[in-house]
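Biologist: Before we turn to details, could you show me how to read the aromatic contacts here?

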Amino acid sequence: MTYQEYTRIGKERLLQSGVEVGDALDHMHRILEAVLRLSSTERILKANETLSPGQLASLENVLQRRCAGEPLQYILGEADFWNSRFKVGKGVLIPRPETELLVEKALERIVSPSARIAELGAGSGAIGITCLLERPKWEWFAWELNPASLSYCRTNLSLLGSFKNYHLLEADFFNGFGTYAPFDWIVANPPYIRRSEIPTLSREVSHEPTLALDGGITGLEVLEKMLSPRIIAALTPGGGVLLEIGEDQGPAVLRLLEQVGLVESSIEKDLAGRDRVAYGRKPK
Ligand SMILES: C[S@@+](CC[C@H](N)C(=O)[O-])C[C@H]1O[C@@H](n2cnc3c(N)ncnc32)[C@H](O)[C@@H]1O
């Protein structure tokens with residue numbers, strides 16, 4: 001079987017297994033490139049070459065796992081975010097393209113070159129590492145509770161640069177925050193999914209850690225704790241918060257921002273027009 005034939009057959013099998021129409025061909029290209037260690041140009045040039053039995057066996061292994069619902073990023077062990085490729089696997093949230101809006105807003109709104117920033121939930125390190133690659137003088141403090149996430153974050157920190165300003169703290173954000181305060185900003189993608197909704201999410205999401213998703217009964221429980229007087233008191237005047245939120249949480253989070261005394265509060269929408277990032281500033 002040639003590369004091209006396998007791509008076509010694999011795409012059909014992915015579609016039959018429930019992979020979305022817009023993703024199936026892209027998945028096949030990524031599988032071929034990752035398994036056979038090819039650039040996209042090499043893959044295209046080899047379109048009419050025949051795959052060896054060994055190559056086919058390796059490709060089949062990946063394709064079968066993907067058809068069974070495992071996220072492609074877990075199978076290949078990597079996920080693209082902004083301009084970098086992050087190591088990921090079981091136990092760490094796969095960084096989402098939507099979260100790039102949070103990074104974009106942080107780069108736009110945080111003007112101090114030496115800002116001290118706190119993050120609840122480092123995960124793979126995608127947000128903090130990306131921000132420090134763009135703003136190397138920021139001081140980043142990221143809390144994380146999940147041992148698998150901590151391990152992936154450490155790997156990404158060592159592979160993607162030299163990050164003296166990234167402090168990965170192995171503890172509960174709500175216990176450790178005060179020790180390192182004051183901070184200028186909180187930038188985070190906290191868990192914000194309603195607990196009852198988690199079992200209804202896609203089969204891919206069911207492979208991801210519940211701790212990364214679970215926002216309690218209302219979905220707003222972690223956001224409410226972050227937007228509490230105790231946390232906001234530990235921010236420097238003129239600083240603020242930038243938080244990723246769920247698409248139906250804009251009005252509720254706007255109320256939380258205002259209740260805790262933040263000003264200029266707003267909800268930024270993602271490219272699909274859905275509420276995605278909450279912003280509020282502490283008065284000077
Ligand atoms: C939605 S994920 C975000 C991960 C990563 N920042 C990203 O955007 O890809 C939330 C993360 O917060 C972590 N987490 C949840 N509650 C926490 C807490 N109280 N303290 C520290 N980390 C927490 C989870 O383990 C998970 O990695």
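Modeller: Rings of Phe, Tyr and Trp (its six-membered ring) pair if their centres lie within 6.5 Å, with planes under 30 degrees apart counted as stacked, over 60 as edge-to-face and the rest as tilted; by this rule the count comes to 11 aromatic pairs. This is a predicted model, in which local features need pLDDT of at least 70 and side-chain atom pairs count only at pLDDT 80 or more, whereas totals for chains, interfaces and linings use all residues. Residues are numbered from 1 along each chain as its sequence is written, and side-chain values use heavy atoms, leaving out hydrogens and water.

Biologist: How are the rings of Phe 81 and Phe 86 arranged?

Modeller: Their centres are 6.2 Å apart and their planes stand at 75 degrees, so Phe 81 and Phe 86 form an edge-to-face pair. Buried means under 20% relative accessible area, exposed over 50% and partly exposed in between (1.4 Å probe, protein chains only); Phe 81, at 1%, is buried, and Phe 86, at 0%, is buried too.

Biologist: Which parts does the pair of Trp 143 and Tyr 180 tie together?

Modeller: The rings of Trp 143 and Tyr 180, with centres 5.9 Å apart and planes at 75 degrees, are edge-to-face. Helices (H or I, at least four residues) and strands (E, at least two) are DSSP runs numbered from the N terminus; Trp 143 lies in strand β4 (residues 139-143) and Tyr 180 in helix α9, so the pair ties together parts 37 residues apart in sequence. Trp 143 is buried at 2% relative accessibility, while Tyr 180 is partly exposed at 32%.
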